[in-house]
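Me: I would like to go through this model in questions and answers, with the cut-offs stated as we go.

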Amino acid sequence: MAILELTMLEFIFWALLQAIIVAVVVGKILGKGEMAGPLLLWKSKKGFNFLNKIAEKKNFWEKYGDFGIILAFGLLGGLFVFRRKKNWKRAVMSVVAPLLIFGPFIVPRLILGGPLQGIDFSLIFLFLGGFSSFIFFSIGSSAYQVILRYLGEQEVMAMAGPAIPGINIEGSPFQGIPWYGWLAFPILIFVHELSHGVLLRAAKLKVKNTGVAFFGLLPAGAFVEPDEEELASADVDERNRVYSVGSASNCVTACVFLAISLVFFSPLLGSLGVSDYTELEVAKVLPESNAKNLEQGMKVMSINGQEVTSVAEIQSVLEDFEPGDKVDLTTSQGEMSVRLNEEGMIGAYFKQGFSSSMPAYLNFLVNLNSFVYLVFFFNLVIGIMNLLPLKPLDGGLLTESVLKEKIGKELASKTATGITVVSLVLLLVNMLPLFFS
Ligand SMILES: [Zn+2]
């Protein structure tokens with residue numbers, strides 16, 4: 001199915017319009033559900049027994065909640081969780097726990113290399129301050145890049161943007177997400193809210209309602225509604241656990257789905273010979289390119305006689321050439337030659353796809369694998385983004401909850417609001433190029 005192309009402003013306009021129409025028609029006229037701005041809420045008392053049943057394993061959920069706090073705040077989270085242990089034990093556990101949790105993120109980066117020979121600052125932030133600090137630092141440093149590029153009057157690209165299945169927002173870093181990515185959201189929302197609910201019940205705190213929120217036709221989230229006042233005055237450990245488990249469950253779900261894709265689908269698709277059907281297509285010819293004879297949608301089979309079926313293969317073939325060299329491409333529209341640009345590149349974007357001769361069952365498996373991958377992707381991205389210290393995201397509430405213990409309720413609320421403003425500004429700077437390029 002084709003992907004819709006929209007600019008950010010068009011997207012905001014159409015998204016709000018459909019949300020308001022649905023909220024008014026269903027909420028006001030049909031009188032079903034409750035309107036909350038452009039959101040339509042369906043509340044229910046169903047699911048309470050289910051929550052209570054799962055919450056019975058109180059010890060397990062407390063440990064799981066502590067895992068969530070270390071995931072959110074790294075070493076600092078560990079020092080908090082283990083604060084009642086003896087000094088040396090507290091220190092060792094606070095160091096070891098984030099290493100175990102973030103090892104899968106840190107080790108591959110150290111081996112594969114990258115900025116500062118693999119030890120970039122974001123990883124140090126990840127270890128010391130968890131995903132909350134990691135994402136804060138990451139959007140901070142990319143906001144800095146965006147500002148530098150604006151000041152230098154260089155071409156600037158958005159470093160953050162909406163990731164909407166079936167819709168390409170012009171300039172957003174997330175492009176070409178197939179429509180069935182929508183099906184990942186119910187999974188993501190379910191595990192997230194379920195874990196908030198279970199932790200509330202495990203701490204014997206009230207759940208007022210469970211329900212689903214719709215942004216027009218789109219499910220915007222399920223929710224488990226706590227008694228805010230009761231939660232705010234609850235024991236600090238219990239409160240932190242409730243706030244942190246939503247993201248923790250998204251990260252765990254991400255790992256499970258990534259494992260399914262790597263352990264099950266990759267070998268299966270490999271053994272069924274899926275690579276025989278991969279092909280390369282021209283996705284976009286750059287404006288200042290020498291490759292004006294290429295056209296979007298054209299298939300590219302080989303470069304100077306060497307077969308290419310992936311973007312990585314193009315790069316490895318081009319390594320043998322110098323900028324300005326001529327290369328011959330075999331395409332679906334015959335032979336063409338292209339002079340490489342100053343960077344030794346063809347001057348076009350390519351995308352990998354599958355040929356139409358691929359059997360239907362294989363096509364289905366490829367799409368199923370790509371869905372499993374999208375469940376991984378959305379759970380990870382949203383699990384981490386949600387820990388950004390920005391109220392009312394969980395990361396913001398958690399930050400306020402921790403600060404409250406140290407500096408008192410009022411100062412904590414003011415500080416958390418300050419941090420929220422900073423996070424929001426940084427996030428908007430990342431998205432600025434979506435509005436002004
Ligand atoms: Zn949450």
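Me: How far does H8 reach from its first C-alpha to its last?
Reply: This is a predicted model, in which local features need pLDDT of at least 70, side-chain atom pairs count only at pLDDT 80 or more, and totals for chains, interfaces and linings use all residues. Residues are numbered from 1 along each chain as its sequence is written, and helices (H or I, at least four residues) and strands (E, at least two) are DSSP runs numbered from the N terminus. H8 has 36 residues, and the expected span of a helix is 1.5 Å times one less than its number of residues. The reach is close to the expected 52 Å, and is itself 52 Å.

Me: At which residue does H8 bend?
Reply: The bend at a residue is the angle between axes fitted to the seven residues ending there and the seven starting there. For H8 that angle is about 40 degrees, and the residue is valine 245.

Me: On which residue is the kink in H5 centred?
Reply: Helix H5 (residues 121-151) has 31 residues, yet its end C-alpha atoms are only 24 Å apart, short of the 45 Å that a straight helix would reach. H5 has a kink of about 140 degrees, centred on glycine 129.

Me: At what angle do H6 and H8 pack?
Reply: Axes are lines fitted to C-alpha atoms, for helices over the stretch in contact, and angles run from 0 to 180 degrees between N-to-C directions. The axes of H6 (residues 184-202) and H8 (residues 236-271) lie 8 Å apart, and the angle is about 145 degrees.

Me: Which residues of H8 make the contact with H6?
Reply: Two residues are in contact if their C-beta atoms, placed from the backbone, lie within 7 Å. On the H6 side the contact includes Ile187, Val191 and Leu199. On the H8 side the residues are Arg241, Val242, Val245, Gly246, Ser249, Asn250 and Thr253.

Me: Which peptide bond is cis?
Reply: Proline 392 is found in the loop between helix H10 (360-385) and helix H11 (394-407). With omega near 5 degrees, the cis bond is the one from lysine 391 to proline 392.
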